[in-house]
Amino acid sequence: MATDTATDVFEEHRPVLLGVAYRMLSRVADAEDVVQDAWLRWSAADRDQVREPRAYLVRVTTRLAIDRLRQAQSRRESYVGPWLPEPFVTDFGPTVPDTAERAMLADSVSLAVLVVLESLSPLERAVFVLREAFGFPYSEIAVILDRGEAAVRQLAGRARKHVEEGRPRYQVDPAERRDLTERFLAAAADGDLEGLMSLLAPDVRLVGDSGGKARAPLRVLETADKVGRFLIGAARKSVPGAGSFAFRFMELNGADSVVVLVDGKVDSVFQVEAVDGRIQRVFIVRNPDKLVSLAP
């Protein structure tokens, strides 16, 4: 296989490889490193012996991601404060025209689901990602993981049960989420505590990820009163001498999110989950290491 053809084949499958790696690792940089390592192995392989390039590349990428995930899990035990996945741009555009497929891919990469996936073992996570997000048959997953098909089915069952127990039990309407997000931002910026409280569900939860490198709660906040007062207080503290503020909407992790820019630099990412017209969860990512890929 000629070098240019080998490159073309790899680039054809790169979106799938990056999608698998990111869902496994929840870090854009780590996922890109894994895909780069997969390219090195592909470029050095005897490609004439590879009958199914996609299967070969997914196998290599998955195994590399499993190894890296095992290393990452030990590091996360010492993480400062709550942990959230790194925001990931998911504007599928014309590459995913089917509405059902788009919804499935968006759900599999949502912040809520990725947080639940953190509690799975690396093998359970790999099976769940390959099966639920990309529709690989059990027989092919068994080959990828070098496990028996019966064992893979057991892993899939445990993973699916765990994710179903931990994921939100409601559907979020995109238009409703966008409207609530805009009203949420306006109320917080105006210091309108009463208006903000009217948007929050009584049992709302706020999860802020700073990694100890920016201002954010070091524990999950619960109840509308605590979340509302924190947000109003944070908005007030951010104004003096903070420079010019700007907001832009981006599709991150399958949902409209707000990227906050201060003096043109990415400061944080907000995303809300809503049900029945009220905000149920607020995710805030402020760890600067997790915002590098969103730089303008």
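A residue is called buried when its relative accessible area is under 20%, exposed when it is over 50%, and partly exposed in between, with a 1.4 Å probe and protein chains only. By that rule E11, at 39% relative accessibility, counts as partly exposed.

Good morning, colleagues. What you see is a predicted model, in which local features need pLDDT of at least 70 and side-chain atom pairs count only at pLDDT 80 or more, while totals for chains, interfaces and linings use all residues. Residues are numbered from 1 along each chain as its sequence is written, and side-chain values use heavy atoms, with hydrogens and water left out.

I begin with the nonpolar cores. A nonpolar core is a set of buried Ala, Val, Leu, Ile, Met, Phe, Trp, Tyr and Cys residues joined through side-chain atoms within 4.5 Å. The largest one has 50 residues, and M24, W42, L117 and L145 have the most contacts inside it. Helices and strands here are DSSP runs (H or I, at least four residues, for helices; E, at least two, for strands), numbered from the N terminus. At least two residues of this core come from each of α1 (3-25), α2 (28-44), α3, α5 (111-117), α6, α7 and α8.

Let us look at one contributor, helix α7, which covers residues 138-145. Which residues of α7 are buried? They are Y138, I141, A142, I144 and L145. Because these residues cover an arc of only 160 degrees around the axis, they lie on the same side of α7; the arc is that of the directions from the helix axis to the C-beta atoms. The buried residues of α7 pack against α3 (53-76), α6 (122-133) and α8 (149-166). Contact, in this talk, means heavy atoms within 4.5 Å. L145 touches T62, R63, I66, L123, A126 and V127, if residues up to four places away in sequence are not counted. Just after α7, D146 takes a positive phi of about 55 degrees.

I turn to helix α9, residues 174-190, in which T181 lies. Is T181 buried or exposed? T181 is buried, since its relative accessible area is 4%. Its side chain reaches the backbone oxygen of R177 at 2.7 Å. Leaving aside residues up to four places away in sequence, T181 touches F249, V258 and V272.

The next topic is charge. Side chains of opposite charge can pair when their charged atoms come close. A salt bridge is a side-chain nitrogen of Lys or Arg within 4 Å of a carboxyl oxygen of Asp or Glu. How many salt bridges does the structure hold? There are 18 salt bridges.

One of them joins E11 and R14, whose closest N and O atoms are 2.9 Å apart. E11 and R14 are three residues apart in helix α1, so about one helical turn separates them. R14 is partly exposed, with a relative accessible area of 29%.

A second salt bridge is formed by the side chains of D256 and R178 (3.2 Å, N to O). This pair links distant parts of the chain, with D256 in strand β4 (residues 255-262) and R178 in helix α9, 78 residues apart. D256 is partly exposed at 26% relative accessible area, and R178 is partly exposed at 30%.

I close with aromatic rings. Rings of Phe, Tyr and Trp (its six-membered ring) pair if their centres lie within 6.5 Å; planes under 30 degrees apart count as stacked, over 60 as edge-to-face and the rest as tilted. By this rule there are four aromatic pairs. In one of them, W42 and Y56 are tilted, at 5.8 Å centre to centre and 50 degrees between the planes. W42 lies in helix α2 and Y56 in helix α3, so the pair ties together parts that are 14 residues apart in sequence. Both W42 and Y56 are buried.

F184 and F270 form another tilted pair, with 6.2 Å from centre to centre and 55 degrees between the planes. Because F184 lies in helix α9 and F270 in strand β5 (residues 265-275), this pair ties together parts that are 86 residues apart in sequence. F184 is buried, as is F270. Thank you for your attention.

Notes:
A polar contact is a pair of N or O atoms within 3.5 Å; within protein, one must be able to donate a hydrogen and the other to accept it, and residues adjacent in sequence count only if both atoms are side-chain atoms.
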